[in-house]
Protein chains: 2
Amino acid sequence: MNETSNVNGSATREKLFEAAGEIFAEKGLHGTTIRDITQRAGANIASVNYHFQDKFNLYTEALRRAHGSMLTATSMPLTADTPEGRLREMISAGLTAALDPARPKWQVQLLSRELAQPTPALDLTDDLMRPASQRLWNIMREIRPDLPDQQLMLAATGVAARFVFHVYHAHLARRMFPDVDVPDTQTLAEHVADSTLAALRGLPATPARTRPGSAAGKRASAKKGPGRTRQRRKERDAK
Amino acid sequence: MNETSNVNGSATREKLFEAAGEIFAEKGLHGTTIRDITQRAGANIASVNYHFQDKFNLYTEALRRAHGSMLTATSMPLTADTPEGRLREMISAGLTAALDPARPKWQVQLLSRELAQPTPALDLTDDLMRPASQRLWNIMREIRPDLPDQQLMLAATGVAARFVFHVYHAHLARRMFPDVDVPDTQTLAEHVADSTLAALRGLPATPARTRPGSAAGKRASAKKGPGRTRQRRKERDAK
DNA sequence: AGCGATTTCAAAGTTTTGTTTGACGACGCC
DNA sequence: GGCGTCGTCAAACAAAACTTTGAAATCGCT
């Protein structure tokens, strides 16, 4: 019969799956042993090789499940009529989907880990990240059509950075500020959206480039002399 | 006849060290084998156990070196006279230190990896992250003394998020936007500082809470009905 | 109840990995 | 030159990991 349809048939398969997801998310592909997984699942050591071919395939399956679940949760259409509204919508939807307490938290952890450190299991950037960043890019382009690509890219990565951070490095934030209450997801989403919009609006129409003519300054002024652009900054910083 | 130092510091020890840093940063503690390291270093397999006690100790040593180097580079005093200036200074100093091409890039990668996924080797949050985030917090408190702690914390984590992202997930940004030139460090630092300041200034004096009384809306309006809080947001979004 | 397919199990396999060993050579010093 | 220390090497050793095996247990079905 089918894999999951047997009356209890794959109860262990499912428990195995869950345990694997958790431990893989916590310790990574190489840091996890099959003994750890089977022990947490209360199953025999050979069960992994029976239900999945081998360890790596189990990892791939777990990743694929997390990926699919996350994809359907974040690819719903945006209904707001203003670009600002759609940006808020997208940020809020993404964060609530990622931090939804109903979702096993190993899913996002596993995805983040795979993003930070890709294995040959599955290419996430193409399927998960690129579409999202493209949507983000388009919305931001609507809000600020005048900005050069690079500035827009920096603004978009700002959102991605916060996303990854609050999902993957949440424990870090807690340890950095132990005595501050962690915000609920809605507050967090609002803050990220507010910050992003404020930053986007605040960017100057003529972005601070070293010189328009010089060929794409790979390593332009660098760290030494912060002298010249100071004046403009002072003006912007003034309340 | 040795280069680095004759009696004590064999050249292999240093080459071993370098190779270990690179591979550890790339594949993690568990994903790295001693054979990989010694092979890249052009040394014998036993050399790791000779020069360092064992694999884990080598990992700890590499981490400690990266940590020390990074610490001295980021703990210089801030000289600007305005809090805005000090914020810019701090962001710029941190990013240039982390992305300095003179610094072996395995150092920051290893540190980031250890932050995301601590091993028993060294506690980085206490020695590296907490002081930095405390400085950041104090500066931001100067700029916006009226904000509640949580909002300030969110703003600070915004900086940390970008920091981690541009250091650790740089490859992700490149893959998300393949056809946009990566900015040089100075441009990046300016963007982060600008965004942070704009976001900080843009935060409302009374931060947007769902309702003062209701117990921390875990899954409040969520993605479905963006109805009620819309009004206030519309006002802020309006140009 | 009986039978076949599926699932579980303890034990043994094979591979990979970290560590140790003992010999060999280079070097500095008396 | 003799001699001891230090560094290097190939090989062996030991531990840990992944995988396989064959039998026993379970389940679905007639």
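Among contacts in chain A between residues at least 6 apart in sequence, 66% join residues at least 24 apart; two residues are in contact if their C-beta atoms, placed from the backbone, lie within 7 Å. This is a predicted model, in which local features need pLDDT of at least 70, side-chain atom pairs count only at pLDDT 80 or more, and totals for chains, interfaces and linings use all residues. Residues are numbered from 1 along each chain as its sequence is written, while chains are lettered from A and ligands numbered from 1 in the order in which they are written.

**Overall make-up of chain A**

- Chain A contains eleven helices and zero strands; helices (H or I, at least four residues) and strands (E, at least two) are DSSP runs, numbered from the N terminus.
- Of its 239 residues, 38% count as buried (20 or more other C-beta atoms within 10 Å of the residue's own; exposed means 12 or fewer, partly exposed in between, with C-beta atoms placed from the backbone).

**Helix H4 of chain A**

- The 20 residues of helix H4 (residues 55–74) should span 28 Å at 1.5 Å a residue, and its end C-alpha atoms are 29 Å apart, which agrees; the expected span is 1.5 Å times one less than the number of residues.
- Leu58(A), Tyr59(A), Ala62(A), Leu63(A), Ala66(A) and Met70(A) are buried in H4(A).
- These residues cover an arc of only 130 degrees around the axis, which puts them on the same side of H4(A); the arc is that of the directions from the helix axis to the C-beta atoms.
- Arg64(A), Gly68(A) and Thr72(A), on the other side of H4(A), are exposed.
- The buried residues of H4(A) pack against H1, H3, H5, H6 and H7 of chain A.

**Helix H8 of chain A**

- In H8(A), 17 of the 20 residues are buried, so this helix is largely enclosed by the rest of the structure.

**Surface near DNA strand C**

- DNA strand C is surrounded by 21 residues, the closest being Thr12(A), Ala46(A), Thr33(B), Ala46(B) and Asp54(B); a residue is near a strand if its C-beta atom, placed from the backbone, lies within 6 Å of it.
- Two or more residues of this surface come from each of helix H1 (11–31) and helix H3 (47–51) of chain A and helix H2 (34–41) of chain B.

**Relation of chains A and B**

- The same surface serves both copies, as 92% of the contact residues of chain A recur in chain B.
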